[in-house]
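This report describes the fold of each chain, the contact between the chains and the packing of the nonpolar core. Please read it alongside the sequence and the structure shown here.

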Amino acid sequence: MRVSVALVGGIVLAVLLVPPLVQLDQQAVDLGAKLLPPSWSHPFGTDDLGRDLLLRCIYGLRVSLLVGVAAALTATVIGTAVGATAGALGGWVDRGVMRVVDTVASVPHLLLGIFIVAMFRPGLWPVVVSVALTHWLSTARIVRAEVLSLRSHPYIDAAVSGGASRWRVAVRHLLPAVLPQAALAAALMVPHAMWHESALSFLGLGLPTHMASLGNLIQDARGSLLAGQWWPTLFPGLFIIVPTLAIAGLAGAWRERINPRRRSELML
Amino acid sequence: MLELHDITAGYDRKAPVVRNASLTVAPGEAVGLLGPSGCGKSTLARVAALLHRPESGTLLLDGEPVRHWRHRAPRDLRTAIGVVFQQPRLSADPRLRLIDLIAEPLRATGRRDEVPDRITELTPAVGLTPDLLDRRPHEVSDGQLQRACLARALVLRPRWLICDEMTAMLDASTTAALVAAVENYRAATGAGLLAVGHDQTLLRRWCDRLLHWDEVAAAGMGKLPRASGLREPSVVPPAT
């Protein structure tokens with residue numbers, strides 16, 4: 001828990017502070033210094049164009065975190081809206097919406113994500129859209145279940161009897177009650193979204209190749225790995241694994257706190 | 001008049017909880033409905049409060065038949081009936097301070113400007129002290145919370161009050177205070193009351209007329225004994 005807090009804090013500081021502070025060009029190509037192993041001047045070594053890998057990793061993490069957070073937030077907003085609507089209205093709306101959710105969920109989500117990014121030019125936002133559109137389903141299910149269980153509460157009856165409209169019941173009583181669950185789902189989704197970004201970029205479908213994202217870095221490093229240069233693969237790999245595990249650890253601790261006995265539907 | 005005719009209602013079409021129940025409450029009258037736990041009296045109270053749509057039967061409110069329930073019911077009809085539920089913990093939104101809890105019906109019906117007056121009027125009427133108003137439900141006792149729930153039911157000045165086991169979880173002095181608050185309100189406004197409960201002594205002293213469940217719902221309609229203490233009979237299949 002403490003380790004996670006320290007790691008997440010360090011990562012956030014690093015991605016926020018390093019780029020404006022060091023003023024170094026992560027794209028600076030130095031063919032004379034290509035594929036140098038880790039040393040004091042280049043702690044993570046350099047890649048096949050002589051670019052400093054530490055700097056590229058930090059920039060990559062910045063992009064991946066941005067994609068992860070943006071996609072997780074978008075997915076949570078969509079999921080909460082859909083789940084709350086289905087749960088609050090009930091009846092045929094609920095059945096219809098949940099069948100759509102089941103249908104979308106029946107398609108492997110990485111495949112669906114690839115299909116969605118393939119419809120756009122490579123860039124940051126198509127990746128966000130693709131990850132968001134494939135990951136709102138579990139949130140929708142969680143929120144719907146929560147709303148369904150709340151709907152039969154006497155305090156909703158009391159609100160109805162007090163003249164509250166459907167909209168007011170939803171905004172005043174239902175949404176605030178599901179917000180902790182939705183926020184938790186969003187936090188748990190950040191690492192997942194980062195992995196998807198990496199996967200899509202690794203497949204060459206995600207971010208444009210000049211942009212340092214963790215997936216792109218690993219993709220670029222594939223050739224050198226076969227030639228025995230391990231550092232261009234290892235360090236970006238660690239940069240994916242360590243932050244996502246730290247975020248997941250924090251979110252997991254939070255989940256234990258808000259509902260200790262229940263296992264969330266959302267698994268990483 | 002609040003009239004229920006031949007109401008059949010429940011949560012499972014095949015096994016209704018209430019069968020062919022009828023009762024009337026005249027304006028200004030206090031009617032007590034007595035019945036054992038799990039017999040369906042709360043469900044009947046929910047039907048009367050427009051919170052649960054019956055499968056058959058008619059509900060007349062001042063001679064007008066009610067056709068829609070819950071959100072589909074016109075707001076004027078819904079707010080003409082104030083409801084107090086059995087468990088204050090479950091009938092109060094845990095995120096609202098008591099003052100917001102009591103004011104919520106006024107805000108929901110667009111009568112925000114009446115909030116300060118009604119709060120200063122109702123707080124002493126139900127026996128709450130002003131310092132409690134800023135607390136949240138988990139920071140007050142069951143009795144204090146039920147007082148706030150009663151204030152919430154009265155805040156829109158309903159013509160009918162339905163108290164579903166309002167005092168079942170409370171001690172004698174709080175019970176007496178709540179009943180007195182209801183009676184003062186009725187004396188001032190002439191509202192009718194349907195008090196549902198299982199405490200014969202209390203209801204006999206409180207109400208003008210006492211009805212037993214057997215007189216209200218059709219007898220011999222194959223009603224099955226249920227385990228006591230279960231609030232939602234629908235979740236337990238009837239013993240065969």
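## The parallel sheet of chain B

Two strands are taken to pair if DSSP finds at least two bridges between them. In this predicted model, five strands of chain B form an open sheet in the order 6-7-8-3-9, with parallel pairing. Strand 6 and strand 9 (209-212) of chain B are its edge strands, each pairing on one side only, and from one strand to the next the twist averages 15 degrees.

Strand 3 (residues 30-34) of chain B runs parallel to strand 9 of chain B, the two being joined by four bridges, and B:L33 stands opposite B:L211 of strand 9. Helix 1 of chain B lies across strand 3, strand 7 (160-164) and strand 8 (192-197) of chain B, and runs at about 155 degrees to strand 8 of chain B.

## The antiparallel sheet of chain B

Chain B also holds an open sheet of four strands, ordered 2-1-4-5, in which the pairing is antiparallel. Strand 2 (18-25) and strand 5 (64-65) of chain B each have a single partner strand and stand at the edges, so one side of each is left without a neighbour in the sheet. Helix 1 (residues 41-48) of chain B packs on this sheet, where it touches strand 1 (2-9), strand 2 and strand 4 of chain B, and its direction makes about 125 degrees with that of strand 1 of chain B.

Between strand 4 (residues 56-61) and strand 5 of chain B, the antiparallel pairing extends over two bridges, and B:L61 stands opposite B:E64 of strand 5.

## Chain A

Chain A has ten helices and zero strands. Its C-alpha atoms fill a box of roughly 75 × 40 × 30 Å along the principal axes, and 43% of its 268 residues count as buried. Among the contacts in chain A between residues at least 6 apart in sequence, 69% join residues that are at least 24 apart.

The C-alpha atoms of A:F120 and A:A185, which are 65 residues apart along the chain, are separated by 27 Å. A:A183, found in helix 8 of chain A, is likewise partly exposed, with 16 other C-beta atoms within 10 Å; its C-alpha atom is separated by 9.6 Å from that of A:T139, 44 residues away along the chain.

## Covered helices and the contact between the chains

Helix 7 (residues 154-161) of chain A is mostly covered, with eight of its eight residues buried, among them A:Y155, A:D157 and A:S161. The helix is followed by A:G163, whose phi is positive, near 90 degrees.

Helix 4 (residues 98-108) of chain B is also mostly covered, with nine of its eleven residues buried, including B:L98, B:E104 and B:P105. What covers these buried residues includes helix 7 and helix 8 (166-202) of chain A, together with helix 2 (75-79), helix 5 (115-125) and helix 6 (142-154) of chain B. After helix 4 of chain B comes B:G110, whose phi is positive, near 70 degrees.

The contact between the chains takes 22 residues from chain B and 15 residues from chain A. On the side of chain B that touches chain A, helix 2, strand 6 (81-84), helix 3 (88-91) and helix 4 of chain B each supply at least two residues. By class, this side of chain B has ten nonpolar, five polar and seven charged residues.

## The largest nonpolar core

The largest nonpolar core has 134 residues, of which B:A48, B:I162 and B:L194 touch the most other members. Helix 2 (residues 53-89) of chain A contributes the largest share of this core, 17 residues.

Leaving aside neighbours within four places in sequence, B:A48 is in contact with B:L2, B:L4, B:L59, B:I162 and B:L194.

Methods
Residues numbered from 1 in each chain as written. Chains lettered and ligands numbered in written order. Predicted model: local features only at pLDDT ≥ 70, side-chain atom pairs only at ≥ 80, totals over all residues. Buried ≥ 20, exposed ≤ 12 C-beta atoms within 10 Å, placed from the backbone. Contact = placed C-beta atoms within 7 Å. Nonpolar A, V, L, I, M, F, W, Y, C, P; charged D, E, K, R; others polar. Core = buried A, V, L, I, M, F, W, Y, C linked by C-beta atoms within 7 Å. Axes fitted to C-alpha atoms, helices over the stretch in contact; angles between N-to-C directions.
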